[in-house]
Amino acid sequence: METWDAIRARRNVRQYTDEPVTRADLERILEAGRRAPSSTNWQPWHFVVVTDRQQLGELATVWRGAGHVAASAATIALVAADPEDDKRAHLLQYDLGQVTAYIMLAAADLAIASGHAAVDDQNEAKRVLGLPEGHLCPYLIALGHPADRPLRPIDRPDRRPFEDVVHWDRW
Ligand SMILES: Cc1cc2nc3c(=O)[nH]c(=O)nc-3n(C[C@H](O)[C@H](O)[C@H](O)COP(=O)(O)O)c2cc1C
């Protein structure tokens with residue numbers, strides 16, 4: 001897929017077929033995340049890739065909006081060390097957002113669907129993922145082949161109008 005098509009085709013998908021995501025595709029998607037930019041190139045992230053069905057089911061309970069993780073072919077847990085201060089905490093959120101976008105667009109490029117999930121129950125996420133002390137898992141990214149319809153560029157996305165969002169030169 002062209003980059004422009006991947007950007008327009010990506011959407012949150014929360015239902016997946018039973019088809020696995022191949023190791024080669026997973027590695028491409030993870031490599032895209034690894035290449036994401038970050039503040040001062042600190043690269044605060046680790047990616048824990050979960051494909052075990054029981055673990056996926058347990059991860060799906062960490063937030064009421066994480067149910068789709070259970071049926072995903074694979075879920076990438078974004079993990080980082082506890083930030084030292086507020087400034088680092090803000091930068092971490094920004095950088096994890098960039099990682100997420102890279103991962104999701106690389107997946108869309110391969111016709112693989114993705115869905116964000118926040119994490120509320122950190123203790124359960126840490127237990128399932130076996131995280132070392134002093135680490136947290138702010139987000140999960142579920143991956144799989146879409147059960148509803150293939151990813152195709154969306155002509156009319158559910159977004160605020162361009163004119164409302166974009167300001168040229170001054171507000
Ligand atoms: C920071 C963030 C957290 C999100 N958390 C969840 C979540 O916990 N569960 C979920 O189903 N979707 C989650 N989403 C997906 C958004 O609801 C979705 O991106 C938004 O509605 C736009 O839809 P689209 O991604 O299909 O374009 C999250 C998205 C972001 C950016």
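Colleague: Which residues surround the ligand?
Modeller: This is a predicted model, to start with. The ligand is surrounded by R11, N12, R14, W63, G65, A66, G115, H116, A117 and A118.

Colleague: How does that shell split by class?
Modeller: Four residues around the ligand are nonpolar, four are polar and two are charged.

Colleague: Where does A118 pair in β4?
Modeller: Its bridge partner there is Y139. Strands β3 (residues 113–118) and β4 are antiparallel, with six bridges between them.

Colleague: Now the sheet. What is the strand order?
Modeller: The order is β1-β2-β4-β3, in an open sheet of four strands with antiparallel pairing. β1 (45–50) and β3 are the edge strands; each has a single partner, so one side of each lacks a neighbour in the sheet. From one strand to the next, the twist averages 25 degrees.

Colleague: How many bridges join β1 to β2?
Modeller: Six, and the two strands run antiparallel. F47 sits opposite L78 of β2.

Colleague: Which helix makes about 160 degrees with β1?
Modeller: That is α2 (residues 23–34), which packs on the sheet and touches β1, β2 and β4. Helix α5 (residues 122–129) also packs on the sheet, touching β1, β2 and β4. The direction of α5 makes about 70 degrees with that of β4.

Colleague: Back to β4. How many bridges does it share with β2?
Modeller: Seven, in the antiparallel sense, with β2 covering residues 74–81.

Colleague: Why is β4 largely enclosed?
Modeller: Seven of the ten residues in β4 (residues 135–144) are buried, so the rest of the structure largely encloses this strand.

Notes. Residues are numbered from 1 along each chain as its sequence is written. This is a predicted model: local features need pLDDT of at least 70, side-chain atom pairs count only at pLDDT 80 or more; totals for chains, interfaces and linings use all residues. A residue is near a molecule or strand if its C-beta atom, placed from the backbone, lies within 6 Å of it. Ala, Val, Leu, Ile, Met, Phe, Trp, Tyr, Cys and Pro count as nonpolar, Asp, Glu, Lys and Arg as charged, and the others, Gly among them, as polar. A residue is buried if 20 or more other C-beta atoms lie within 10 Å of its own, exposed if 12 or fewer, and partly exposed in between; C-beta atoms are placed from the backbone. Two strands pair if DSSP finds at least two bridges between them. Axes are lines fitted to C-alpha atoms, for helices over the stretch in contact, and angles run from 0 to 180 degrees between N-to-C directions. Two residues are in contact if their C-beta atoms, placed from the backbone, lie within 7 Å.
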